[in-house]
Amino acid sequence: MTTPLLSVENLSVAYKEGDHHTRVTHEVSFDIAPGEVVALVGESGSGKTTTAQAVIGLLPENGRIEQGAIRLNGEDISKWSSKRLDAIRGSQISLIPQDPTSSLNPVKTIGAQVGEILRIHGDRDGKVIAARVAELLARVGLSDPELRARQYPHELSGGMKQRVLIAIAIALKPQLIIADEPTSALDVTVQRRILDLIDELRRENNTAVLLVTHDLGVAADRADRIVVLQGGHIQETGEAKALLIAPQSPYAQRLLADAPSLSTTAFREPRPGGGDAIVVDGLVHEYGLGRKKSFRAVDGLSFSVKRGTTHAIVGESGSGKTTTVRDVVGFGRPTSGQIRIDGTDIASLKGDALRQFRRKIQLVYQNPFSSLDPRQTVFSIVEEPLVNFSGLDAGARAKKVNDLLERVGLPEALRKRRPRALSGGQRQRVAIARALVLDPEVVVLDEAVSALDVTVQAQILKLLDDLQRELGLTYLFVSHDLAVVRQISDTVSVLQDGRQVETGTVEEVFLRPQSAYTRELIDAIPGKRSLALA
Amino acid sequence: MSRYIIGRIGQALLVLWVAFTAAFLLLQALPGDAILIKFQNPELGLGPDQIAALREAYGVDSPLWAQYLQALGNFLAGNFGYSVQGSVPVSQELLANLPATARLAGFGFSLAVLVALGLAFLATLAPFAWLRSAIQAIPSLFISVPVFWLGIMLIQTFSFRLKWISVINPGEWEGLILPVITLAVPISAPLAQILMRNIDEVSTQPFVAVARAKGASPGWVLWKHVAKNALLPTLTIAGILFGELLAGAVITETVFGLNGIGGLTERSVRFQDASVIQAVVVFSAACFVAVNLIVDLLYPVFDPRLRKAKGAAA
Amino acid sequence: MTSFASIDAFTTTPATVSRTNNLFGRLRGVNPGLVLAWLVIALVIAWAIAPQLFTSFNPVQGVPSEKLKAPTLIHILGTDALGRDLFARLVYGAAHSLTGAFVAVVVGLVAGTALGVIAGSTGGLVEEAAMRLVDVLLSIPGLLLMLSIIILLGFGTVNAAIAVGITSVASFARLSRSEVVRVRRSDYVEAAFGSGGTFLSVLWRHVLPNSLTSVLALAALQFGSAILAISTLGFLGYGAPPPTPEWGLLIAEGRNYISTAWWLTTAPGIVVVVVVLAANRISQSVGKGR
């Protein structure tokens, strides 16, 4: 084996909180050879981002390296001064950040921001810089680079911004690129193109990549080797293929089993299903944009859901998913078309009739941090719907709430807590309990598991499945993640720019997609490549 | 875009009109009135009918709505009525006092901006953590100091103890030093606080980390990335600061015995000279509205996000 | 999807870990500056309630033979031109300054918050009208507005306090409206409507409790500014009439002796600065404690 380009040895990083230090990584060690892609995989709090930040010397102000070494070409850079590191940052190690939207300075042009890295490292000639910037922007696949260079970040889409950031990262042909969740904020189809681009560029220059990701599928597709982190400890390190076929550590096994994109389980057994619980017919929703102009967010959506089954609505950002959800639960008013829940047209209801109707249909939100009132306790959050439709006295309410909390797996000790003191998964359990306490017929799940770590996501999906069986619930499951949809739904509608491009049973749609767009979406699911290999 | 400008100007005029009306009504509701205060003084020896004649001359006995319409018309024509105490048109009094106040306010504001910028950048770049937090605490101290007391303390220290600046008949510029400092301190405090907060906020933005990852030094990042993003939002408080400047002038001019709009205001409150107060209130509201209007209309020049997108943004 | 970022953010270790429940842990977490701020406010309130416990001198009746004495052990802050003990006048003056500031904050808080909450929760034309009114109030510099109200109401402690209070109505209204609007747009308020809440029950259970924290922080901040404003009006002679030992008035009276009796202006000013600093520090902690 050649000498490693980067060698992280027993790295421990701690953050200062108040007057004590908390270690977040514990003796992490791994190597990256020149031109190699190594993925750091882990869930939130695993220390993967911290490790990456330490490598490039950009820990937050309250973080410090307590022990260990970071060797770049054999030289320990962990104790270098910030000034000395400035010379190698950008030129030898560069960064592709997580969120392209906030990673570009909003008040400077694209050209200035790409040119800046050249200026910092010594280029002075404006003309040379401008030519090189155009060349770089063209290289990362942006059309009309001269125009792009004069534009500001807000004039570009998320994918284009990420291309600009990649152009900055490769500008000086560094030996190592740190890609910190480079695509987690992007739509799946864009994600795939961006990862392809990074792959292509690193091959061209034989650049090594440290890929930080929560997505085992992405790591499996793109990395030569994978380092699995949990709670700041390395659980397993190995060749990507070997690790996928036969993970050694229990944690890696669990991660692999829980990753929807890597699961090979069959489609769901068809559920019996009764009459139609939800019928959406020709739904159109327009938003007014100033005078006369309007924007059609949903255009002619029709589907029906049988009682006791799950229907998924799939689409990328801007596809009209959210608008559809809001109309279905009665928060939005469709421009035309009908939405019948259990036979009643929800758009025709107003005032107290609508309020009464809400017992039948409940919504679980994407973000478990914002959908719970920070001032209420878990118990009172779940109790509130019962208070609103009071038929029960306090004792009966308490019994019902406690039974339900137990059913969704929240220990008794948590019931007096406020949302802040709960984990993301626990909060989403509270939200589910709140949705179920009125015994609704339909539960709408709006990206309800998207913000959760995979292992937690798997638990919540299992809970939802059990509840559906026991209570005969009908789910409308809205998601951008096809892998999850494949696992949980019976039928699916695929939306693109407000139009329904495909609808049918999950099996039909996944195995015999009719539209090109659906095919593209399915192909973009990370992990596909490695599954094919395995 | 032009539609937006017209709407924005209309809104500004509406605010001004309501401010004028409110000021008018408020001062009409006065229990005492300035004519009586001035002319009932027995030493003047005026009889009741002479006072009545004076009242008619000042137009204070016509019905309220007529007075209102007349006052509004006069205001639009730039005629703000007569100052009862000074016995001259209010517009003349304002014009006579404006240059002095404008000079004081101009220097005060410039000094305040310099102090605020200096504090904000020092609080970010100073070498030691304790020094940075000490500098960060200065604005909250400034904001807690009564302006009039600050003026007195400055006089006490620099004129009486150290005898650096003469109190009696100081030179034109010498006499301006202490008032300018007095005026600048309370204006610089909120400005510095907002700047410091903005710098802190902007510094946590991912694009700052990206700039650092390019190899930029902290100074480069502060200057090339943080500064503009942190300065932009301070423009929105320009109007408020302008008002504070006028209010500060009232106190500063009173403490230092200077002539100006501030001193004029203080005197006219003392003698309940309604038309002067009304003119000053409407004048300051007009300045506030104008400053805000200019800031709003100029904002897109500084912030590209508010400009129309050029070319395809697909 | 971006919420991955927030969950994965490296600095967010679960809040439960750092929250220690034992007394020792709490004491260690307390900020000494904040404790000092509360002590200052407590002391000044004690001055206002029971001034006789802190000084035996009469604040209004002086001893002519003792006039303009520099600070000594007996008169720790010296005496004024009428031979009155300055410390006694400061202690007795606390009642005037504090009640004035209190009245001002209550006026601003009640009127402003009512206006803001009504505007923010009803929306539409009511909101538009209320906010234009606030615009007008904001367009007039605070001091000029106070002066206009004072010449309407007349001079005096209470009138000065009301004038200061009315001046802060606009900021309270604007803040409470924006807070109500922010909370109203949150998922949990929509969820509350979704689980069958009526307008009033949601307003009462969710919107108000979550909006009021920052309004309270503003109230604490306004308490400090009100003390400043009232002392300013006192200094200009529009507040309490002599011989009331109001703090601003003390400075105004001492002003005639700045060349000979420095303590007469210095001491009251420092008291004002310290009290205002303390109020601002407390306001900061209220704003952060959410």
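**Aromatic pairs**

Tutor: In this predicted model, B:Phe20 and B:Tyr68 are both buried. Their ring centres lie 5.9 Å apart and their planes meet at 40 degrees, so the pair is tilted. The two residues come from distant parts of the chain. B:Phe20 sits in helix 1 (residues 2–28) of chain B, B:Tyr68 in helix 4 (residues 64–76) of chain B, and 48 residues separate them.

Now chain C. C:Phe155 and C:Tyr238 also make a tilted pair, with 5.1 Å from centre to centre and 40 degrees between the planes. C:Phe155 is in the loop between helix 7 (142–153) and helix 8 (157–184) of chain C, and C:Tyr238 is in the loop between helix 10 (199–236) and helix 11 (247–254), so the pair ties together parts that are 83 residues apart in sequence. C:Phe155 is partly exposed, at 38% relative accessible area. C:Tyr238 is buried, at 0%. Over all chains, the search finds 7 aromatic pairs.

Charges also sit over rings. A:Arg84 lies over the face of A:Trp80, 3.9 Å from the ring centre. B:Lys224 lies over the face of B:Trp220, 4.6 Å from the ring centre.

The whole structure has 9 cavities of 30 Å³ or more.

Methods: Residues numbered from 1 in each chain as written. Chains lettered and ligands numbered in written order. Predicted model: local features only at pLDDT ≥ 70, side-chain atom pairs only at ≥ 80, totals over all residues. Heavy atoms only, no water. 1 Å grid on protein atoms, 1.4 Å probe; cavity = no way out; pocket = protein on both sides within 12 Å on 5 of 7 lines; lining within 4 Å. Points joined across faces, edges and corners; volume = space filled by probe spheres on them. Phe/Tyr/Trp six-rings, centres within 6.5 Å; stacked < 30°, edge-to-face > 60°. Helix = DSSP H or I, 4+ residues; strand = E, 2+ residues; numbered from the N terminus. Buried < 20%, exposed > 50% of the residue type's maximum accessible area, 1.4 Å probe, protein only. Lys NZ or Arg CZ within 6 Å of the ring centre and 35° of its normal.
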